[in-house]
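Work through the exercises below with the sequence and the model in view. Each task is followed by a solution in steps.

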Amino acid sequence: MSVRIDRSNMKVIKRGFQFQPFRPTSDGGSLATAGLADDEELLVFGRGDQYRALIMRQMVYHHVAQGELAGEPYLVTF
Amino acid sequence: MVNGSIHHFGVVGLSNGLAVMADEETRTLWDHITGEAFEGPLAGKRLDWWPIRLTTTSAALVEWPAVPLLVSDYRSIPQRVMGRLQRRKIHTKGWLPPGFRATMSAPVDPRLDEMTQGLGVIVDDEARFYPMDRIPAGGLEDAWHGRTVRVVRGARDGVLAATWADDADGEIPMQLLTRWYGFSFTYPRCRIVPEG
């Protein structure tokens, strides 16, 4: 779906990023043994039958996580 | 993946209170919801998109018991402050951080309170917004292009999710849990279901 969005008051920086993107370098550890609270908020994404979880309070800062899953690149934004 | 190569993305600003992304390789500006490039050398390109699920640990472990957790080891004062102030997003009223409103190109669509939490669903050329507080306990069904979308609240996390009522393969429509201000700026004049 392509929509025309009015961005007349957009504010962007010229160089670099405002926040450090998260670029995972491993496949991560088990959520089940991570010791997070039951109500800890997560972002869960998947490709095919493979899934990964991200911690919301970390993504509130990063806004972007980028890596590879199931042999394909992914970009998660928040 | 853009034109067959991997580009590296990050946030460079705000528009209508929503993050604007750029890629390091071309400095093209991208909409972080639609995945569309709107300014720069790659304007007009669009990234493929998939839904992601906003949920809780207890709910995730029921659906994906073995799911790996990706943990960032990045530490900074802004990261710590933002993480503490906004650690809960799903069932909170929410608030607009300083500076967000100044990037809005117009007043927020007044049909709903700007921070109303809901599920935005996009199919082909149409978007609809399902306010969380208007969805009955048993969910609702909504006719859409000859098909039926079923919107239900998760038993453990209370998060809305949309499925096709007639799809046995598990295909789901594109959807995101979002605040009204962001969805209505991205999809102006979208339908609200159920209407107030």
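**Exercise 1. Where does A:Leu36 lie, and does it count as buried or exposed?**

Step 1. A:Leu36 sits in the loop that links β2 and β3 of chain A. Helices (H or I, at least four residues) and strands (E, at least two) are DSSP runs, numbered from the N terminus.

Step 2. A residue is buried if 20 or more other C-beta atoms lie within 10 Å of its own, exposed if 12 or fewer, and partly exposed in between, with C-beta atoms placed from the backbone. A:Leu36 has 20 C-beta neighbours inside 10 Å, so it counts as buried.

A note on the model: it is predicted, so local features need pLDDT of at least 70 and side-chain atom pairs count only at pLDDT 80 or more, while totals for chains, interfaces and linings use all residues. Residues are numbered from 1 along each chain as its sequence is written, and chains are lettered from A and ligands numbered from 1 in the order in which they are written.

**Exercise 2. Which strand holds the bridge partner of A:Gly67? Describe the pairing there.**

Step 1. The bridge partner of A:Gly67 is A:Tyr74, in β6(A).

Step 2. Strand β5 (residues 64-69) and strand β6 (residues 72-77) of chain A run antiparallel and are joined by six bridges. Two strands pair if DSSP finds at least two bridges between them.

Step 3. β5(A) and β6(A) form a hairpin with two residues between them. In the turn, A:Ala70 has a positive phi of about 55°.

**Exercise 3. Describe chain A as a whole.**

Step 1. Chain A contains one helix and six strands. Along the sequence they follow the pattern β-β-β-β-α-β-β.

Step 2. The radius of gyration is taken over C-alpha atoms, and the globule rule is 2.2 Å times the number of residues to the power 0.38. For the 78 residues of chain A the rule gives 12 Å; the chain has 16 Å, well over that, so it is more spread out than a compact globule.

Step 3. Along the principal axes, the C-alpha atoms of chain A fill a box of roughly 45 × 25 × 25 Å. Of the 78 residues, 38% are buried.

**Exercise 4. Describe chain B in the same way.**

Step 1. Chain B has three helices and 13 strands.

Step 2. A compact globule of 196 residues would have a radius of gyration near 16 Å, and the 18 Å of chain B agrees with this. Its C-alpha trace spans about 45 × 35 × 35 Å along the principal axes.

Step 3. Buried residues account for 38% of the 196 residues in chain B. The mean pLDDT of the chain is 94, and 100% of its residues reach 70 or more.

**Exercise 5. What is the strand order in the open sheet of three strands in chain B?**

Step 1. The order is β9-β10-β11, with antiparallel pairing.

Step 2. β9 (140-144) and β11 (160-164) of chain B are at the edges and have a single partner strand each, so one side of each lacks a neighbour in the sheet.

Step 3. Five bridges join β9(B) to strand β10 (residues 147-153) of chain B. In this pairing B:Ala143 stands opposite B:Thr148 in β10(B).

**Exercise 6. How many residues does each chain give to the contact?**

Step 1. Two residues are in contact if their C-beta atoms, placed from the backbone, lie within 7 Å. Chain B gives 58 residues and chain A gives 55 residues.

Step 2. On the side of chain B that touches chain A, the largest share, seven residues, comes from β1(B).

Step 3. That side has 34 nonpolar, 17 polar and seven charged residues. Here Ala, Val, Leu, Ile, Met, Phe, Trp, Tyr, Cys and Pro count as nonpolar, Asp, Glu, Lys and Arg as charged, and the others, Gly among them, as polar.

Step 4. Strand pairing also crosses between the chains: strand β3 (residues 41-47) of chain A and β5(B) run antiparallel, joined by four bridges. A:Val44 stands opposite B:Arg53 in β5(B).

Step 5. The model scores ipTM 0.94 and pTM 0.93.

Conventions
pLDDT is the predictor's confidence in each residue, from 0 to 100.
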